[in-house]
Amino acid sequence: MIIPRSIGTILASLAAALVLSALACLLPDNPYQRFQLVDGTLFEPLRRGYERIHFDPAPIDVAIIGPSKTLLGLSAPGIEHTLNQAGQTAHVANFSVPASGRNVEWLMLHEAYKIKSPRVIVVGVYDSPSFYGHPSFRFVAPARDLAIQPAPLLHNYFKDLAYLPARQVLLAFARVAPGLTGLRDHFDPATYANTRADFTTGSFVMEGKTINMALTVPAAVLAGQTVVEQKATLLERLTRRFVNRGDEAVYMDQIVREADAHHSRILFVFMPVYNRKGELADRARLMAHGTLLDNADISDHAEYFENWEHLNHTGATILSDRVAKAVAKLLSEPAKS
Amino acid sequence: MTADAIKHQLTDIFRDVFNDPTLEITDEMTADDVDGWDSLTHINMILGVEQGFGIRFSIKDVRAMRNVGELVQAIAKKRAN
Amino acid sequence: MLNFTSPLFFVALALVACGLYILPGRWRAAYLLVLSYGFYAMVSVRFLALMVAGSLLAYGIGIGIANARSDSARVRLMLLGVGGLLGGIVVFKIGGAWHGWLLPLGLSYYSFKLISYVIEVYWDEDSVERDLTLFLSYPAFFPQIISGPIQRSEPYFQQVRALAARRLDSAQIEEGFRLIVTGLMLKLLVGDRLATLIAGVDAAPGSFGRIDLLVTIAGYTLQLYADFAGYTNIALGIGKMLGIDGPPNFNAPFLATNIQEMWRRWHMSLTTWLTDYLFIPLTMTMRRYGLAGLLLCITINMALIGVWHGFTLNYLIFGLMHAVYFSLTMLYLRYISPPRGKKAPPEPRLRRIVRTAFGMVLTFALMSSTQIFFHSARFDQAIGILRQVFGLIPSGARSIGDIGPGAAETFVICALITVWAGCGAPGARRLSDRIAPVAPRWLQYGVGLFLLATLTPDSAGSFVYGQF
């Protein structure tokens, strides 16, 4: 059968578009501008995290990574304060970001190790971990880390990759004309100072909702809040079973490997949700790689929760205190070899 | 009324409707050939023709005419009745 | 998946188009019907039933008219058919505008197709179509279901019949592909960017300066054109891929030097429909009232163009404004404007250029003034904008550039591209041919696709005319 000329033209144009897109992925970018892509979104803490690493001269001794549970549940200044009172001068940075996905947690840790040397890594762990990648990964990860991942066919791989050419074109343009894109090429101390760093106190707006950390919520209200369980499709379950073990396991390994390579100790902090007697997932494996701080007892206390899955100021203060004590112990141990 | 006489009178109507005192009509002429010949001027032209020749067209007649030649024939037919 | 801007849709289209040409000829009409009903069923099965009911009504009426013995029976059947179909539109449009009903997908478009069919059969019994499969595929034809163009029955039936005996037409496929790519570029890269910026002004028009508000109002027209002409190109392109040429909707509307000409170039499949089935019959009926009758017909016609978009006060005002502009233009051209024509005294070149440019700008400005009502969701919003334009209420100090970084530059670039496209994209073909030795057509399309992949805004996708 002869392929008509026009079909050939169409196929050739698709191929040309693909080649151009692949070339676009190689366009250079300014990492700082990459992290500004999440400005104005729920993921803004990532940009602040980048600035904390690269532009804030203060050292980082303790790095916290995790989702909104650890963002709202652990206070970096609070932990710092407790440590200082115990006579240990340590700087704590909370790199948590709303929504689940270990890949972006690993990325922040990786970024931190570039110029800082945290000795203790605090990692939030849960009874029902998300097996998917983080929605912000496509914005902030270097092109290389999006294209070449530690395991094949991870959940968002193709979606993230499809966005990459567009992102690199935008970032390449931003390098030339930062003003037209609103992506700064220089550090702005005022913006940095005005971005919230501690979410365990006061009130703030997140996803259009005003959250007041000082409030206590009646137990009945907490109990009534719906728990959305992520349901994996058959294809996702098969892929996870036979191809890649899922983002959670893959990038948790990366986090552990990264910490080990830099001789840091890991403190796994169990962040339970309200009144659910779920068991911490993968307990044995976590304990092989670091210290586990089990906070299952908190689950029963309605007065510690802002909603069913997030602690309020009271809960966060208690948990930060526990973390500070555990961190103090780890800091006083000799460095891992 | 001969075809030539009809054309002569039709030319005047066309010049008035299309606001072009130099317009010359031919049998093959269609809406595409005249600047500003759209549905509105078309209706104006038909109404002008009806008045000028003292005839009445039906919607069917109007739709069937494809060029000036057919219009001239239609006018001749109506006048003959 | 159903959206004409979704990559998945085009993957499906490619497969579906291959299927069409692999199938034996006699199956192709049925295949188009199955595809179209399948497409519709994915949106709503209930509304599919409504479309099938309307189609069967028109089909039955058509055969009834063709078989009728008396003229009065023919008239009665025609009125029954037109009345039934119009009734459906009116009920749903009123329900939509006043009670927030969900409008059946493409109701206005497929109903107008069916009405034109019924009237055509009434005028000429030979237009009747007895092949049920072929007939049902006409209103449902999926490339035209979302927002037209409103194709007439005769050219559609002829083309589908011819399709049975046809081999794949290479040139038509490529032209279809070109239309889809350029349509997507106009819609996604230009129209949707303008839409985002206009939405930025819509959020608080009072806070913007007067000049910026005027520029935004011009933007309404530009955005609507980029959106709707982009859509039309995509729809025509999809149709071509399946071997069916549809009617054009736009013919370089921004070249129009008066409102009357504008309407010969804007949403043509709707305006020619109204001309044939409403305006001409109406003026013929009202001819004894002379000029007054004609002006009344123009008003009715334009008012209906307005409310066709929805039964709201704003759309009615949009139509009535056009009625006034249109009537004044007609009167001016007929009675005041100097005679024209090939043999009229030659006009100095400069004067002609100035007159043409003035006409184009004035026409665009008039069109945009009606867009204030077309664009605003509520009457008081439109009035608020008008009051601000005329300085009756104070304006703010913000400019379009304050909406976001690069907003002013983006607006200017998108506006220029839209004006260029709306003037018939002069030079595009020549440029394409000229660079063909260096950048062959496949590479040109490839660059277009690459731009679509990399520059489409995140918020892109829905079509303005999809709601009508």
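Author: A crossing of two helices is called left-handed if the near helix is turned anticlockwise from the far one by less than a right angle, and right-handed if clockwise. The model above is a predicted one, and in it the crossing of α6(A) and α14(A) is left-handed.

Reader: At what angle do helix α6 and helix α14 of chain A pack, and how far apart are their axes?

Author: Two packed helices are described by the angle between their axes and the distance between the axes. Here helix α6 (residues 102–115) of chain A packs against helix α14 (residues 246–261) of chain A at about 15°, and their axes are 8 Å apart. The two helices α6(A) and α14(A) are therefore roughly parallel to each other. Among the residues that make the contact are A:W106 and A:L109 of α6(A), together with A:Y251 and A:I255 of α14(A).

Reader: Are α4(C) and α5(C) roughly parallel or antiparallel to each other?

Author: In chain C, helix α4 (residues 71–99) and helix α5 (residues 107–123) have axes that cross at roughly 170° and come within 10 Å, and α4(C) and α5(C) are therefore roughly antiparallel to each other. Their contact includes C:L85 and C:I89 of α4(C), and C:L114 and C:V118 of α5(C).

Reader: Which residues have the most contacts inside the largest nonpolar core?

Author: They are B:F14, C:V118, C:A140, C:I145, C:L194 and C:F326, in a core of 148 residues. Helix α8 (residues 170–202) of chain C gives the most to this core, with 16 residues. Domain 1 (22–167) and domain 2 (173–467) of chain C both contribute residues, so the core lies between them.

Definitions and conventions:
Residues are numbered from 1 along each chain as its sequence is written. Chains are lettered from A and ligands numbered from 1 in the order in which they are written. This is a predicted model: local features need pLDDT of at least 70, side-chain atom pairs count only at pLDDT 80 or more; totals for chains, interfaces and linings use all residues. A nonpolar core is a set of buried Ala, Val, Leu, Ile, Met, Phe, Trp, Tyr and Cys residues joined through C-beta atoms within 7 Å. A residue is buried if 20 or more other C-beta atoms lie within 10 Å of its own, exposed if 12 or fewer, and partly exposed in between; C-beta atoms are placed from the backbone. Helices (H or I, at least four residues) and strands (E, at least two) are DSSP runs, numbered from the N terminus. Domain bounds come from an automatic or database domain assignment. Axes are lines fitted to C-alpha atoms, for helices over the stretch in contact, and angles run from 0 to 180 degrees between N-to-C directions. Angles under 35 degrees count as roughly parallel, over 145 as roughly antiparallel, 65 to 115 as roughly perpendicular and the rest as oblique. Two residues are in contact if their C-beta atoms, placed from the backbone, lie within 7 Å.
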